[in-house]
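Subject: Handing over the structure

Hi,

Here is the structure I promised to pass on, with my notes below. Have a look at it first and then read on.

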Amino acid sequence: MPTIAIVGASNDRKKYGNKAVRAFVQGGWTVYPVNPREEIIEGLQAYKQLGDIAGPIDRISLYVPPERGMQLLDEVAAKQPDELFLNPGSESPALVAAAEQRGLHPIQACSVVNIGLRPEMFPDE
């Protein structure tokens with residue numbers, strides 16, 4: 001089963017960081033929600049930071065502003081994911097360049113759409 005860390009996961013069902021958790025669970029992935037202020041998200045253990053997740057992660061998907069993404073890049077690079085998705089609103093030219101400097105190959109696209117689902121499939125309530 002592929003693994004994904006969703007950085008910026010949320011308990012707010014209106015937020016894309018929550019819709020992504022639900023989408024990837026439905027898609028059959030092992031999901032690691034990452035949010036320093038949450039304990040449980042959609043019934044899954046939440047992690048304070050990427051480094052708290054044991055083992056490899058196939059995909060890291062960012063749902064945080066680009067400034068926060070910049071602060072997290074060393075942590076992302078340390079996990080050596082196969083894929084790094086910068087979802088709409090999380091990308092910036094500076095973040096892409098900084099990620100590439102760390103040997104990452106950021107994908108600027110919606111990671112939910114990438115697995116054949118759409119965020120609007122997951123209701124806000």
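In which strand is Thr3 found? Thr3 sits in strand E1. Before going further, please keep in mind that this is a predicted model.

Is Thr3 buried or exposed? Thr3 is buried, because its relative accessible area is 11%, and the cut-off for buried is under 20%. If you leave out the neighbours within four places in sequence, Thr3 is in contact with Trp29, Thr30, Tyr32, Pro56, Ile57, Asp58 and Arg59.

**Helix H1**

Next, have a look at helix H1, which runs over 16–26. This helix is largely enclosed by the rest of the structure, because 8 of its 11 residues are buried. Those buried residues are Gly17, Asn18, Lys19, Ala20, Val21, Arg22, Ala23 and Phe24. What covers them? The cover includes E1, E2, strand E3 (40–41), strand E4 (44–45), E5 and helix H4 (111–114). Just after H1 comes Gly28, with a positive phi of about 90 degrees.

Setting aside neighbours within four places in sequence, Asn18 is in contact with Ser10, Asn11, Asp12, Arg13 and Glu42. Asn18 and Glu42 are 24 residues apart in sequence, and their C-alpha atoms are 7.9 Å apart in space.

Glu42 itself belongs to the loop between E3 and E4. Its phi is positive, near 50 degrees, in a residue other than glycine. With a relative accessible area of 30%, Glu42 is partly exposed.

Gln80 also has a positive phi, of about 50 degrees, although it is not a glycine. You'll find Gln80 in the loop between H2 and E6. Gln80 counts as exposed, because its relative accessibility is 64%, and the cut-off for exposed is over 50%.

Now for the inside. In soluble globular proteins, nonpolar side chains tend to be buried together. Here the largest nonpolar core has 21 residues, and those that touch the most other members are Ala5, Val7, Leu50, Ile53, Ile60 and Leu84. Which elements give two or more residues to this core? They are strand E1 (3–7), strand E2 (30–34), strand E5 (59–62), H2, strand E6 (83–86) and helix H3 (93–101). H3 provides the largest share of this core, with 4 residues.

Apart from this core there is another one, of 16 residues, including Ile4, Val21, Val31 and Phe122.

Going back to Ile53, what does it touch? Not counting residues up to four places away in sequence, Ile53 touches Ala5, Tyr32, Val34, Tyr47 and Lys79.

**Helix H3**

The buried residues of H3 are Leu95, Val96, Ala98 and Ala99. These four residues are on the same side of H3, because they cover an arc of only 165 degrees around the axis. Their cover includes H2, E6 and strand E7 (106–108). On the face of H3 turned away from its buried side are the exposed residues Pro93 and Gln101.

At 35% relative accessibility, Ala97 counts as partly exposed. How many residues separate Ala97 and Asn11 in sequence? The two are 86 residues apart in sequence and 31 Å apart in space, C-alpha to C-alpha. Just after H3, Gly103 takes a positive phi of about 85 degrees.

**The largest pocket**

Last comes the empty space. Rolling a probe the size of a water molecule over the atoms shows where empty space is left. The largest pocket holds about 530 Å³ of space. It is lined by 28 residues, of which Val7, Gly8, Ala9, Tyr63 and Val64 are the closest to its centre.

What is the lining like by class? There are 13 nonpolar, 9 polar and 6 charged residues in it. Helix H1 and helix H2 (66–79) each supply at least two residues of the lining. The largest share, 3 residues, comes from H2.

That's it from me; over to you.

Cheers

Terms used
Residues are numbered from 1 along each chain as its sequence is written. This is a predicted model: local features need pLDDT of at least 70, side-chain atom pairs count only at pLDDT 80 or more; totals for chains, interfaces and linings use all residues. Side-chain values use heavy atoms; hydrogens and water are left out. On a 1 Å grid over the protein atoms alone, a cavity is a set of points where a 1.4 Å probe fits but cannot get out, and a pocket is an open set with protein on both sides within 12 Å along at least five of seven lines; lining residues have an atom within 4 Å of a point. Grid points are joined across faces, edges and corners, and a volume is the space filled by probe spheres set on the points. Ala, Val, Leu, Ile, Met, Phe, Trp, Tyr, Cys and Pro count as nonpolar, Asp, Glu, Lys and Arg as charged, and the others, Gly among them, as polar. A nonpolar core is a set of buried Ala, Val, Leu, Ile, Met, Phe, Trp, Tyr and Cys residues joined through side-chain atoms within 4.5 Å. Buried means under 20% relative accessible area, exposed over 50%, partly exposed in between (1.4 Å probe, protein chains only). Contact means heavy atoms within 4.5 Å. The arc is that of the directions from the helix axis to the C-beta atoms.
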